[in-house]
Amino acid sequence: MYLENVVVDAVEPQRLGRFWEAVVGGERLTDEPDIVETRLTVEGGPVLDLCFPGVASESPSEPPRLHLDLLGGADQAGEVDRLLGLGARHVDIGQGDVPWVVLADPEGNPCCVLEHRAAYGDTGPIAAFPLASADPDRDGEFWSWLTGWTDAPGIAPRTLRHPSLRGPLLELRPEPAPKGAAKNRLHLDIRLETGDDPDEVAAGIAERGGRELHPDWGELPWRVHTDPSGNELCVLPARS
C-alpha cells in the first residue's frame, strides 16, 4: 500500500482544482463538474494526486489539521507574488512575526510559503504536509507503516518521507487542540496494492490506534478510517 492522494474538499471544485494545478504545475487527470484531479510527479520520487471533490459545505472556519507548505526558497517573495496572481490572498491565523508567509487559497484553506530551509531540498513545489498529532512519535509509526515512508531529517517532532528521500515531507506536529467532530477538509488517501487484504489492513489500523468509520455516504468502493489522533483517511482498493 502507498500514499496516493491528497484530498481537498471543495465548494467549487473547478475553481479550486485549477488554482492548485497551477500552483504545483500538475497534470490534469479528471475534469468533471464535481471533481478535479491533478497529478504531481516528483522526478525520482513519489507520484501524488491532488483531488478536489465537490462538497456541500462552507469555507473552513477552524484551523486545519492538515495543510500544505509550499517551497519558497531563495525566491520566496517571487513565489508569493505568483500565488497572489493565481488567486491566493494573505491571511492572518495568528502566526505573528515568522519567516514564512501565510496565504489562503480561493476557498480559504491556509497554506504557507516557506523560506529557504535545508530540510526541504528536492521536495518539488510542495515542501511538506504538516499533520496535527496528539502524539507525533506514535502517529509517525502509524503513518510509516501505512505509507512505507521512512524517518527523515526535519523540523517537526517526527518527519517522514518517501523512501527515495525526494518529494514532500509528512510532518507530525503537536496538535493545538484535540480533533473535534467536524471532518477535516484535507485528508490523505492510501491505495492498496494487489495482494493487500482490506480486512487485514483495517485490523492493522485498529491495532495501531486508528479506527474505522461508517459514514452515511451511501455505498463506497473505499473504506474510511482515522489515524490515532482522529484524522480521517481513506483506504482505496487495489487497482484492477
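Biologist: Is Gly180 buried, partly exposed or exposed?
Modeller: This is a predicted model. In it, Gly180 counts as partly exposed because its relative accessibility is 46%, and the cut-offs are under 20% for buried and over 50% for exposed.

Biologist: Where is the place of Gly180?
Modeller: Gly180 is in the loop that runs between strand S12 (169-174) and S13.

Biologist: What separates the C-alpha atoms of Gly180 and Arg89?
Modeller: Their C-alpha atoms are separated by 27 Å, and the two residues are 91 residues apart along the chain.

Biologist: Other loops, then. Which loop holds Asp122?
Modeller: Asp122 is in the loop between S8 and S9. Its phi is positive, about 60°, although Asp122 is not a glycine. With a relative accessible area of 48%, Asp122 is partly exposed.

Biologist: And what about the phi of Leu165?
Modeller: Leu165 is not a glycine either, yet it has a positive phi of about 60°. Leu165 is found between strand S11 (158-161) and S12, in the loop there. Its relative accessible area is 44%, so Leu165 is partly exposed.

Biologist: Change of topic. How many aromatic pairs are in the whole structure?
Modeller: A search of the whole structure gives three aromatic pairs. One of them is Phe19 with Trp20: the ring centres are 5.4 Å apart and the planes are at 90°, so this pair is edge-to-face.

Biologist: Are Phe19 and Trp20 buried or exposed?
Modeller: Phe19 is buried, and Trp20 is buried too.

Biologist: What kind of pair do Phe142 and Trp145 form?
Modeller: A tilted one, with 6.4 Å from centre to centre and 55° between the planes. Phe142 and Trp145 both lie in helix H3 (residues 136-147). They are three residues apart, about one turn of the helix.

Biologist: Buried or partly exposed, for Phe142 and for Trp145?
Modeller: Phe142 counts as buried, because its relative accessibility is 1%. Trp145 is partly exposed, with a relative accessible area of 27%.

Biologist: Which residues do ring pairs link into a cluster?
Modeller: Phe142, Trp143 and Trp145.

Biologist: What sits over the ring of Trp145?
Modeller: The charged end of Arg208, 3.9 Å from the centre of the Trp145 ring.

Biologist: Which residues line the largest cavity?
Modeller: The lining is Val8, Trp20, His67, Leu68, Asp105, Asn109, Pro110, Cys111 and Leu186. By class, that lining divides into six nonpolar, two polar and one charged.

Biologist: And which residues line the second largest cavity?
Modeller: Leu66, Leu131, Trp143, Asn184, Leu186, His187, Leu188, Asn231 and Glu232. Strand S13 (residues 186-191) gives the most to this lining, three residues. Five residues of the lining are nonpolar, three are polar and one is charged.

Biologist: What volume does the largest pocket have?
Modeller: About 660 Å³. The lining has 31 residues, and the closest to the centre of the pocket are Pro64, His67, Ile93, Cys112 and Arg173.

Biologist: Which strands each supply at least two residues of that lining?
Modeller: Strand S7 (101-104), strand S8 (110-114), strand S9 (126-133) and S12.

Biologist: Last one. Where does UniProt place the "domain: Glyoxalase-like" feature?
Modeller: The UniProt record, an unreviewed entry, places that feature at residues 6-114 and 132-236. In the model, the span of residues 132-236 is 21% helix and 30% strand. Its end C-alpha atoms lie 23 Å apart.

Conventions: Residues are numbered from 1 along each chain as its sequence is written. This is a predicted model: local features need pLDDT of at least 70, side-chain atom pairs count only at pLDDT 80 or more; totals for chains, interfaces and linings use all residues. Side-chain values use heavy atoms; hydrogens and water are left out. UniProt positions are given in the numbering used here, feature names are shortened, and annotations may be inferred rather than shown by experiment. Helices (H or I, at least four residues) and strands (E, at least two) are DSSP runs, numbered from the N terminus. Rings of Phe, Tyr and Trp (its six-membered ring) pair if their centres lie within 6.5 Å; planes under 30 degrees apart count as stacked, over 60 as edge-to-face and the rest as tilted. Buried means under 20% relative accessible area, exposed over 50%, partly exposed in between (1.4 Å probe, protein chains only). A charge sits over a ring if NZ of Lys or CZ of Arg is within 6 Å of the ring centre and within 35 degrees of the ring normal. On a 1 Å grid over the protein atoms alone, a cavity is a set of points where a 1.4 Å probe fits but cannot get out, and a pocket is an open set with protein on both sides within 12 Å along at least five of seven lines; lining residues have an atom within 4 Å of a point. Ala, Val, Leu, Ile, Met, Phe, Trp, Tyr, Cys and Pro count as nonpolar, Asp, Glu, Lys and Arg as charged, and the others, Gly among them, as polar. Grid points are joined across faces, edges and corners, and a volume is the space filled by probe spheres set on the points.
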